[in-house]
Amino acid sequence: MPTLTSQLDALAAVREGVVAVDRPDLATIALRGADVLRYLHAVCTQDTAGLRQGDAAEALLLSPKGRIEFAFRLAVLADGVLLDTDGDAAPALAERLARFVFRYDVTVAEPAKGAVSLLGQGADSALALASVPGSPGLVVHRTAVGVDLVGPDAPGAAASIERAGVAVGPAELWELVRVERGLPRAGRELTDDVLAEEAGLLGSHVHLDKGCYPGQETVARVHNLGQVQRRLAGLRFGPGGPGGLPAPPTDLVTDDGRRAGQLRSVVDHPELGPIGLAYVRRVVEPGRLVWTIHRGATLEPPGPPAGAHPATVVGLPFR
């Protein structure tokens, strides 16, 4: 089982086949009880009432004003539902869910770690080679970049995959692939000042025809009235700025000094160079030059702000 320490080698292996990456950033929350699906249907953006064992979905918990508070996936198991979400957000999500179950037969377990991602088009072949799935304690989520394995049996599945000869990539590989693909992440692009439509999640995380849930009025109004004022976009950083990468969250301005948006994630990609994800105003078209600027800094056009990094707005994904 080869271990790839070079980011460039790991990315090449993803393009050619499959690479396994440990995911300590993910955590699971088990929900059990007769009313789990009915309870989730009442509080989240997804239609869960009709789900059956073996089904999976993506969902959000919104504030009353429609802002994203939590993003998670769910899988229906024989004994309940297994959620997985960002590890840092998992304790707060578990507390939030447990707070309102008094009318339902639902118990919410403490968050648990244990997840691995298979990145690349060879993910399904690797699962078959290692005789995965097949465990009741393992959930397989197919993603835009491969497969995620979550649940209490994920570490054992990861060991089987490694014994089958699948290469293991460095910890930062997932973040490189995520930004390259333009996938929003909790705590970065998915925060409590963002609408689902701004993050491009209406088609995946929100069921537009289901009944009432917290934030539903805002979702319906934004969807029915048209486009939001900003969108998730890519940034390609060019030469000319100070040393190092800008530290998100950093505000953006156009070359004529107008507010353009906010940088949320940035990586030094070994193939694409410095790239980032940002919320950019709709009026800022792809190809436009923008500059980073510290919050509260004074705009003094013409010319770039002092200490700013130049970047070009591009569509997503980067490839």
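Residues are numbered from 1 along each chain as its sequence is written, and side-chain values use heavy atoms, with hydrogens and water left out. Because the model is predicted, local features need pLDDT of at least 70 and side-chain atom pairs count only at pLDDT 80 or more, while totals for chains, interfaces and linings use all residues.

A cavity is a set of points where a 1.4 Å probe fits but cannot get out, a pocket is an open set with protein on both sides within 12 Å along at least five of seven lines, and lining residues have an atom within 4 Å of a point. Grid points are joined across faces, edges and corners, and a volume is the space filled by probe spheres set on the points. Helices (H or I, at least four residues) and strands (E, at least two) are DSSP runs, numbered from the N terminus.

The largest pocket has a volume of about 860 Å³. It is lined by 37 residues, of which Glu58, Arg73, Leu183, Pro184 and His205 are the closest to its centre. At least two lining residues come from each of several elements, including strand S3 (56-62), strand S4 (68-77), helix H6 (173-181) and strand S12 (230-237). The lining divides into 15 nonpolar, seven polar and 15 charged residues. In these classes, Ala, Val, Leu, Ile, Met, Phe, Trp, Tyr, Cys and Pro count as nonpolar, Asp, Glu, Lys and Arg as charged, and the others, Gly among them, as polar.

The second largest pocket has a volume of about 410 Å³. Of its 29 lining residues, Leu77, Leu82, Pro136, Gly137 and Val139 are the closest to the centre. Strand S2 (26-32) is one of the elements that supply at least two residues of this lining, and its five residues are the largest share. By class, 17 residues of the lining are nonpolar, six polar and six charged.

For cavities of 30 Å³ or more, the count is one. The largest cavity has a volume of about 60 Å³, and its lining consists of Gly66, Leu195, Ala196, Glu197, Leu202, Thr218, Val219 and Val222. Helix H8 gives the most to this lining, with three residues. Five of the lining residues are nonpolar, two polar and one charged.

Glycine 165 follows H5 and has a positive phi, near 100°.

An open sheet of five strands has the order S9-S10-S8-S1-S11, with mixed pairing (two strands pair if DSSP finds at least two bridges between them). Its edge strands are S9 and strand S11 (167-168), each of which pairs on one side only. Strand S1 (residues 19-22) and S11 pair in the parallel sense over two bridges, and valine 19 stands opposite alanine 167 in S11.

Key: On a 1 Å grid over the protein atoms alone, a cavity is a set of points where a 1.4 Å probe fits but cannot get out, and a pocket is an open set with protein on both sides within 12 Å along at least five of seven lines; lining residues have an atom within 4 Å of a point.
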